[in-house]
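Good morning, and thank you for coming. Please look at the sequence and the structure on the screen while I speak.

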Amino acid sequence: MVKKLKDGLSVVLEDFYQLAGKLGKDEEGVFRVEYDDDMAGVEVIEAVADEIEVASLTVPESNNSTFKQLVPYTGIFNLEGMHRPLLAIQLTQLKDGLAIGCAFNHATLDGTSTWHFMSSWAEICRGAPSTSTLPFLERTKARKTRVKLNLTLPSGPPPTSNGDAETKLDPPLRERIFRFSESSVQKIKSTINGKPQSDGSKPFSTFQALSVHIWRHVSHARNLKPEDYTVSLRVIVETSTTIWASLIQKAIEGHNAKEIDERNKSGKMHQRSMNSKMQGSGSNNKFDGMIYLHPGKNGGSNIDVELTLEVEAMGRLEQDKEFLMEVN
């Protein structure tokens with residue numbers, strides 16, 4: 001199995017060759033991906049953890065420290081792609097299976113592109129002679145805006161490649177996956193769409209409805225006050241769910257190509273980048289209030305909600321019967 005994965009990787013990287021490169025800067029200081037045949041390329045690590053079973057990694061609240069050991073370069077910053085691999089893969093033999101841990105540099109690709117690469121790699125491993133859908137690598141076709149980032153590497157000794165980074169969590173955080181069944185999702189959506197919008201707006205989508213359900217109850221669990229902020233919007237804890245959903249709907253509709261281009265030209269994108277922490281993927285990206293929505297592992301219209309909260313807030317959320325509904 002490991003040999004097949006490594007052979008397939010060598011083939012798929014012929015099309016996704018930028019993942020075998022490094023981050024660099026052009027003459028104007030704008031970041032770009034640099035690649036040549038003399039670079040080290042993608043790093044592949046083989047490991048054994050025969051005390052870990054696959055089932056232990058699929059429970060709603062798994063041990064995060066275990067996951068960190070299965071993914072390389074935990075704690076590494078995106079900017080370190082100037083001297084570290086843009087893609088590192090760890091193949092870990094478990095007691096009853098194989099774990100594939102991937103560390104992608106987020107400056108190189110987003111979630112959609114990540115799964116495009118993973119699907120293409122799987123396609124090759126299943127016997128396809130080549131990638132059926134080639135990656136689109138010419139970014140200037142989508143946006144010609146060039147943003148110069150004057151960033152420096154963080155001070156202090158760099159963390160090692162696999163989970164030794166010291167991440168200070170104060171206060172401590174808990175992570176959990178809540179599984180919303182199809183019936184729960186439909187009930188939430190129908191409740192929020194129960195009253196027609198006075199301004200004639202279109203009905204709220206499944207994403208908008210479930211997002212506001214989570215947002216509202218997480219805000220209660222975190223004991224946020226009316227003057228507190230979350231998701232760049234003022235929280236009004238006792239406001240009706242329809243108003244919350246309307247705020248999300250308008251924010252999504254306003255996030256279009258024209259608005260993004262105008263923000264780039266005005267320099268606001270540059271300012272936001274400078275004010276944000278440079279973070280890697282996976283477990284690096286955990287913070288109080290982090291929420292991810294994933295397709296349910298059981299298929300259909302089930303949705304898995306990954307949440308990271310302070311310990312006390314997570315405890316209050318787990319006791320919130322209105323939030324839980326039919327959640328496992």
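What we have here is a predicted model. The protein chain holds ten helices and ten strands. Of its 328 residues, 39% count as buried. The chain exposes about 19,300 Å², and carbon and sulfur atoms supply 52% of that area. As for contacts between residues at least 6 apart in sequence, 67% join residues that are at least 24 apart.

Let me turn to the sheet. Three strands make up an open sheet with mixed pairing, in the order β3-β4-β5. β3 and β5 stand at the edges with a single partner strand each, so one side of each has no neighbour in the sheet. From one strand to the next, the twist averages 20 degrees. β4 and β5 run antiparallel and are joined by seven bridges. Within this part of the sheet, Leu87 stands opposite Phe104 in β5.

Which helix packs on the sheet, touching β4 and β5? That helix is α3, and its direction makes about 140 degrees with that of β5. Helix α3 covers residues 111–125, and its 15 residues reach 21 Å from the first C-alpha to the last, close to the 21 Å expected at 1.5 Å a residue. Its buried residues are Thr114, Phe117, Met118, Ser120, Trp121, Glu123, Ile124 and Cys125. In general, an α-helix has 3.6 residues a turn, so residues three or four places apart point the same way. The cover over the buried residues of α3 includes β4 and β5, and also α1, residues 2–12.

The two ends of α3 also deserve a comment. At the start of the helix, a side-chain oxygen of Asp110 comes to within 3.3 Å of the backbone nitrogen of Thr112. Just after the helix, Gly127 takes a positive phi of about 115 degrees.

Further along is Thr131, in the loop between α3 and β6. Is Thr131 buried or exposed? Thr131 counts as buried, because its relative accessibility is 8% and the cut-off for buried is under 20%. Leaving aside neighbours within four places in sequence, Thr131 is in contact with residues including Ser120, Glu123 and Ile124, each of which is itself buried in α3. Thr131 also touches Val12, Asp15 and Phe16, and a polar contact of 3.1 Å joins the side chains of Thr131 and Asp15.

Asp50 is exposed, with a relative accessible area of 53%. Not counting residues up to four places away in sequence, Asp50 touches Gln93, Leu94 and Lys95. The C-alpha atoms of Asp50 and Leu98 are 9.8 Å apart, although 48 residues separate the two along the chain.

Most residues other than glycine have a negative phi. Tyr73, which is not a glycine, has a positive phi of about 60 degrees. Tyr73 lies in the loop between α2 and β4 and counts as buried at 13% relative accessibility. Asn223 likewise has a positive phi, near 60 degrees. Asn223 sits in the loop between α5 and β7 and is partly exposed, with a relative accessible area of 46%.

Thank you for your attention.

Notes
Residues numbered from 1 in each chain as written. Predicted model: local features only at pLDDT ≥ 70, side-chain atom pairs only at ≥ 80, totals over all residues. Heavy atoms only, no water. Helix = DSSP H or I, 4+ residues; strand = E, 2+ residues; numbered from the N terminus. Expected span 1.5 Å × (residues − 1). Buried < 20%, exposed > 50% of the residue type's maximum accessible area, 1.4 Å probe, protein only. Contact = heavy atoms within 4.5 Å. Polar contact = N/O pair within 3.5 Å; in protein donor to acceptor, adjacent residues only side chain to side chain. Areas by Shrake-Rupley, 256 points an atom, 1.4 Å probe, with all protein chains shown as cover. Pairing = 2+ DSSP bridges. Axes fitted to C-alpha atoms, helices over the stretch in contact; angles between N-to-C directions.
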